[in-house]
Amino acid sequence: MMTSILTNKDTSLKVSSVLNRDIKNYGPRHMVDGEEDTCWNSDQGSPQWIEVNLDSLSNVEEIQIQFQGGFAGKDCSLQMTDENNDKHTIMEFFPEDVNSLQSFKLPHVTSLKKFKIIFNNSTDFFGRITIYQLKVLGIPI
C-alpha cells in the first residue's frame, strides 16, 4: 500500500490556544482544509501544541508543516501517550523560520492514532505560532 496524506478537513484536532479565541478565522481546522490562505494562529505564550487524532491507527512516516515565517516553531517534538497514560517522545525536530512546506521524517515508522506536536518555543518574541498546512503522511493499518 502506498503512503498517503492521513489528515483532511475531517481530522480531529485540538490546539493549545487560538488567537483572540477567534476559531472561525484562526481555528485548527484551517491547517487541514486544503486552502492555501487560511491558517491556525495561536495566542501568545510557550509552549503551544497541536493534538492530532487520526481516523484510524496508522503507520506514520512523516509530518509536513507550513509555518508563516516569523511565527515558526523551534525546538519541537512529536509525542505519543501510551495505554498507561505515559508520554513518549517519538522525535525532536527543528524547523526553519521560512514560509515553505517543511518535511520531518520520523526516525522509524510508528503506529499512531493520537499524538501531539509540541512547539516548545517560537521564532515570534511572544511565542505565537502560525501554520497554514499540516500534513501527516503514512499508511492506515
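Between which strand and which helix lies the loop where Asn20 is found?

Modeller: Asn20 is found in the loop between strand 2 (12-15) and helix 1 (23-26), where helices (H or I, at least four residues) and strands (E, at least two) are DSSP runs numbered from the N terminus. The model is predicted, so that local features need pLDDT of at least 70 and side-chain atom pairs count only at pLDDT 80 or more, while totals for chains, interfaces and linings use all residues. Residues are numbered from 1 along each chain as its sequence is written, and side-chain values use heavy atoms, with hydrogens and water left out.

The backbone of Asn20 has a positive phi of about 55°, although Asn20 is not a glycine. Arg21, also placed in the loop between strand 2 and helix 1, has a positive phi near 55° and is likewise a residue other than glycine. Asn20 is exposed, because its relative accessible area is 61%; exposed means over 50%, buried under 20%, and partly exposed in between (1.4 Å probe, protein chains only). Arg21 is exposed as well, with a relative accessible area of 77%.

Pro47 has its place in the loop between strand 3 (40-41) and strand 4 (48-67), and the peptide bond from Ser46 to Pro47 is cis, with omega near 0°. Asp124 lies in the loop between strand 7 (101-122) and strand 8 (130-140). With a relative accessible area of 9%, Asp124 is therefore buried. Leaving aside residues up to four places away in sequence, Asp124 touches Gly70 and Phe71, a contact being heavy atoms within 4.5 Å.

Strand pairing can be followed from strand 5 (residues 73-81), which runs antiparallel to strand 7 and is joined to strand 7 by 6 bridges; two strands pair if DSSP finds at least two bridges between them. Leu78 has Ile117 of strand 7 as its bridge partner. Strand 5 is also joined by 6 bridges to strand 6 (residues 87-93), again in an antiparallel arrangement. Thr81 stands opposite Lys87 of strand 6. The hairpin of strand 5 and strand 6 has 5 residues between the strands, and Asn85 takes a positive phi near 70° there.

Around these parts, the chain has 1 helix and 8 strands, in the order β-β-α-β-β-β-β-β-β from the N terminus on. A compact globule of 141 residues would have a radius of gyration near 14 Å, and the chain agrees, with 14 Å; this radius is taken over C-alpha atoms, and the globule rule is 2.2 Å times the number of residues to the power 0.38. Along the principal axes, the C-alpha atoms fill a box of roughly 40 × 30 × 25 Å.

Of the 141 residues, 45% count as buried. Among contacts between residues at least 6 apart in sequence, 75% join residues at least 24 apart. The chain exposes about 7,600 Å², of which carbon and sulfur atoms supply 47%. Its 13 positive and 19 negative charges have mean positions 5 Å apart; Lys (at NZ) and Arg (at CZ) count as positive, Asp (at CG) and Glu (at CD) as negative, and His and the chain ends are not counted.

Definitions and conventions. Areas by Shrake-Rupley, 256 points an atom, 1.4 Å probe, with all protein chains shown as cover.
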